[in-house]
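Colleague: Please take me through this model one feature at a time, giving me the general idea of each before the case at hand.

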Amino acid sequence: MIDFDFQTEQVTEKLKTLQSQASTLSIYRLITFFGTGALFVLGVSENPFWHILTALALAVFIHLIQKTNTLKDQEQIYLALIKISENKALRKNRTLEKLDSGAEFSDKHHPFSGDLDIFGDHSLFQLLNHTTSVNGKKRLADLIKSPFVPESSKSRSEAVAELSKKKEFLDSMEAIGLAFQKEEKPYEFWIKWLEQKEKNSVLNLILAFFGPLGAIAMFILVYVGVIPEAFIGLWILFGLGFLSRVFVPLKNAADSIPSATTLKSYGLRSKQIEKETFNCSTLQIEKDFFGKDVTASQKLKQLDRLGLWTQNRKNLIYILINILFWTDFYLFIQLSKWKKKVGSSLSHLPENLEKWEIWVSLGAFESQLEGNGKVEWSTELSLSAQELSHPLILPRTAIPNSIEFDEANRLVILTGSNMSGKTTFLRTLGINCVLANLGLSPFGLSLTLGPIQLYTSMRNSDNLGESVSSFYAELSRIHNLIERLESGEALFFLLDEILKGTNTQDRISGSEALIRQILQTRGFGIISTHDIELSELEQSVDKVHNFSFHSEILDKSIDFDYKIKKGPCPSFNAHKLMELMGIKFLR
């Protein structure tokens, strides 16, 4: 298998040089084609000696075709590398509109993904996704939404740390997927075909041997006049009858084997994994699936040749050769031998490559973006966030904040004026917890997590189709939270502007009741609110503490510092904001 160039340095210049070479090669190929034809005519009309030169010219022509195909493949890789560099710049600048949003994976009923900008426009998925297949993307989305499992997160973190230092490997895996992954048909058909046993027989072996020899002998006998030319037609009729024995299994093979482009993608990515050295045991186990003595890329190289042959059986030239020399028997025997020897070992290859798409996404995220905080998993029911910022906000403008939870500090009532940063802070905590679960570094100094699950309630909206009001939607979220807490789960929750859909008196009394109920469980977290009256609970309820975000009201503007502070918010700004928006209050 050819070793392609995956270096990104001066890739644009290398692409221009390659395209120039391809243009020159196409001229040589055209000259060789006509030269071969001319030599063939000379061999027929003048002297058979010219056929020797015809054969040599034909060999040169085939070599030029192979060289051209290699250059085309390298061109596709260079174009993919340029695309990767462009996407990297988009992610660094947080201009994500052109990147796949993964909106199809949004789920408002999920414990946290619907509230934290995980999917959709300007989302974590756009920063994270480097997958190149539909199933790879689904697997990544499932991992992002998966429950928190500390041991799995730790092993992923070790693997990601190693992968993030292998830039060329990450680029090569993504570039190959972008350049060659063409999913014309589901790979499940291929897997089913691999697992089916072919019924071979001695008669097939005899016919594979007898077909070419019989055809050659017949042509010689016809040429010398021993038998009439009518025997050729009789031979073809016999051949069609015999070839029907392998027609159906070869058609099934042609329909099931992936295209040459997809097999190329499988083979090249397998080779990149096989030749890479990994120290992390998790990655080494993933690599071992690709074989040691006979690797997956070697097995695919054999299939590529047989698959191309199988899928081109409708070619008119091949049909003529086949009905004369019965070559389908030889193809069927070779394909059967390949399946029996190595076929079953490749049945999990597409799934394994999809898993590597996830590893590439995680490694590239860690390598390209600014998260460099430390993650620790504690056995205690706690959380400590030090100087965390939001990954979707440009680092130069993001304002970091810190907060801690333990047995004595279990529930925070977060107050603050409008637009002061309460909701962004909740999402900052939540999305960094998701990063930690993925094995990625948080955006900040450090994040320590206990054995918890994450639960949020922020974007609760009405749904006419389901006859659900926004208030009922929020109550449903809170109901699910209570059920999980009362079942004994340890949850870290983030509730934004709790019970905002009802009147002030009911909202305050309902919020206080919920707070007292939560403190009887293994839950801890933050409840943000505009009801300053709830801050008084710090004086009467143990383990409740006040934090807030402030604003400074000026003559014609409001200033925010977006820094969290201990204690309740001393002032609110809604009146001033409404004035700035043109609402005139009576003095």
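Colleague: With which side chain does the side chain of Ser 297 make a polar contact?

Modeller: A polar contact is a pair of N or O atoms within 3.5 Å; within protein, one must be able to donate a hydrogen and the other to accept it, and residues adjacent in sequence count only if both atoms are side-chain atoms. Here the partner of the Ser 297 side chain is the side chain of Thr 295, at 3.2 Å. Please bear in mind that this is a predicted model, in which local features need pLDDT of at least 70 and side-chain atom pairs count only at pLDDT 80 or more, while totals for chains, interfaces and linings use all residues. Residues are numbered from 1 along each chain as its sequence is written, and side-chain values use heavy atoms, with hydrogens and water left out.

Colleague: In which helix does Ser 297 lie, and does Ser 297 count as buried or exposed?

Modeller: Helices (H or I, at least four residues) and strands (E, at least two) are DSSP runs numbered from the N terminus, and Ser 297 belongs to helix 12, residues 296-311. Buried means under 20% relative accessible area, exposed over 50%, and partly exposed in between, with a 1.4 Å probe and protein chains only. Ser 297 counts as buried because its relative accessibility is 7%.

Colleague: Which helices supply at least two residues each to the lining of the largest pocket?

Modeller: Rolling a probe the size of a water molecule over the atoms shows where empty space is left. On a 1 Å grid over the protein atoms alone, a cavity is a set of points where a 1.4 Å probe fits but cannot get out, whereas a pocket is an open set with protein on both sides within 12 Å along at least five of seven lines, and lining residues have an atom within 4 Å of a point. Grid points are joined across faces, edges and corners, and a volume is the space filled by probe spheres set on the points. The helices you ask about are helix 2 (50-93), helix 6 (167-180), helix 10 (260-275) and helix 12, with helix 2 giving the most, eight residues. The largest pocket has a volume of about 750 Å³, and its lining comprises 25 residues, of which Ile 2, Asn 69, Asp 73, Lys 264 and Asp 304 lie nearest the centre.

Colleague: How many cavities of 30 Å³ or more does a search of the whole structure find?

Modeller: The search finds three, and the largest cavity holds about 60 Å³ of space. Among the residues lining the largest cavity are His 130, Arg 269 and Trp 356. Helix 6 and helix 15 (349-368) are the elements that give two or more residues to this lining, and helix 15 gives the most, with four.

Colleague: What is the order of the strands in the open sheet of six?

Modeller: Two strands pair if DSSP finds at least two bridges between them. The order in this open sheet is 6-7-8-4-9-12, and the pairing is mixed. Its edges are strand 6 (453-457) and strand 12 (565-566), each of which pairs on one side only. Inside the sheet, strand 4 (residues 411-416) and strand 9 (residues 544-549) run parallel over six bridges, with Leu 411 standing opposite Val 544 in strand 9.

Colleague: Which strands does helix 18 touch as it packs on the sheet?

Modeller: Contact means heavy atoms within 4.5 Å. Helix 18 (residues 504-518) touches strand 4, strand 7, strand 8 (524-528) and strand 9, and its direction makes about 150° with that of strand 4. Such angles run from 0 to 180 degrees between N-to-C directions, with axes fitted as lines to C-alpha atoms, for helices over the stretch in contact.

Colleague: In what order do the strands of the four-stranded open sheet come?

Modeller: The order is 1-5-2-3, again with mixed pairing, and the edge strands, strand 1 (374-377) and strand 3, each pair on one side only. Strand 2 (residues 383-388) pairs with strand 3 in the antiparallel sense over four bridges, and Ile 403 in strand 3 is the bridge partner of Ala 385. Strand 3 (residues 401-405) has a covered face of Asn 401, Ile 403 and Phe 405, and an uncovered one of Ser 402 and Glu 404.

Colleague: Why does Arg 427 count as buried?

Modeller: Arg 427 counts as buried because its relative accessibility is 14%. Arg 427 is found in helix 16 (residues 422-438) and, leaving aside neighbours within four places in sequence, is in contact with residues including Asp 115, Asp 117 and His 390.
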